[in-house]
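This report looks at how the parts of one protein chain are arranged. Keep the structure in view while reading.

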Amino acid sequence: MMDNTPISLLILNGKSADNVPLREAVMAQREKGQDLQVRVTWEKGDAVRYVDEAVQLGAATVIAGGGDGTINEVAAALAQVAQEKRPALGILPLGTANDFATSTSIPEEMDKALALALLGKTTAIDIVRVNDDHYFINMATGGFGTRITTETPERLKAALGGVSYLIHGLMRMDTLKPDRCEIRGEGFQWQGDALVIGIGNGRQAGGGQQLCPDALINDG
């Protein structure tokens with residue numbers, strides 16, 4: 001019986017909807033009595049709507065199934081929910097690089113990752129707020145590297161994974177030039193030209209590049 005089982009909502013990137021191991025893991029958890037509902041995203045903004053739905057349903061956990069972009073969109077939506085109503089965040093690593101999932105030791109196997117999301121102990125983590133209304137959970141970037149990340153073809157990412165960013169970057173070296181920027185924060189201000197700008201909250205980015213060997217995900 002699932003009458004007393006908390007609802008969990010899996011927000012799944014549409015590109016991973018046909019993932020067989022994931023389907024098997026979902027069915028296995030349902031057979032064990034988990035009230036696990038699935039919503040599939042199609043376009044930007046879907047994750048926000050599904051988080052709102054999860055709150056209305058009284059879900060205990062919202063699970064982001066996808067890459068770093070999906071995880072960030074779900075986390076950002078959750079950050080805007082009042083703390084007393086906010087579901088916990090679970091993660092299924094289904095993207096190209098899976099930087100945040102890797103840095104937080106989320107298992108790659110779908111059955112293990114899903115079990116952790118549903119049954120694991122919740123831990124508070126940091127999320128960064130920018131200009132009052134934007135959030136990021138792992139990395140905010142600008143400059144040449146960001147252009148390469150957004151321009152890398154989906155087919156290349158599917159075929160080569162994280163290495164695809166390096167290959168596409170080498171192919172676009174003709175566009176390498178600095179951008180004028182200004183970064184301000186509490187007690188800090190910098191203005192100048194930069195080829196690459198990166199502000200990290202996690203341990204790694206760009207398919208495994210370490211941000212800082214001593215970086216930690218705080219417990220809150």
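## The buried face of helix 5

The model is predicted. In helix 5, which spans residues 110-119, the buried residues are Met110, Ala113, Leu114, Ala117 and Leu118. Viewed down the axis of helix 5, these buried residues fall within an arc of 125°, so they line one face of the helix.

Strands of a sheet pair through backbone hydrogen bonds, and the pairing is either parallel or antiparallel. Here, four strands form an open sheet in the order 2-1-3-4, and the pairing is parallel. From one strand to the next, the twist averages 20°.

Strand 1 and strand 2 run parallel and are joined by seven bridges. Across from Leu9 stands Gln37 in strand 2.

## Helices across the sheet

Helix 1 lies across strand 1, strand 2 and strand 4, and runs at about 150° to strand 2. Helix 3, residues 68-79, lies across strand 1, strand 3 and strand 4; its angle to strand 3 is about 155°.

## Aromatic rings

The ring of Tyr50 has a charge over it: the charged end of Arg49 sits 5.2 Å from the ring centre.

Terms used: Residues are numbered from 1 along each chain as its sequence is written. This is a predicted model: local features need pLDDT of at least 70, side-chain atom pairs count only at pLDDT 80 or more; totals for chains, interfaces and linings use all residues. Side-chain values use heavy atoms; hydrogens and water are left out. A charge sits over a ring if NZ of Lys or CZ of Arg is within 6 Å of the ring centre and within 35 degrees of the ring normal. Buried means under 20% relative accessible area, exposed over 50%, partly exposed in between (1.4 Å probe, protein chains only). Helices (H or I, at least four residues) and strands (E, at least two) are DSSP runs, numbered from the N terminus. The arc is that of the directions from the helix axis to the C-beta atoms. Two strands pair if DSSP finds at least two bridges between them. Axes are lines fitted to C-alpha atoms, for helices over the stretch in contact, and angles run from 0 to 180 degrees between N-to-C directions. Contact means heavy atoms within 4.5 Å.
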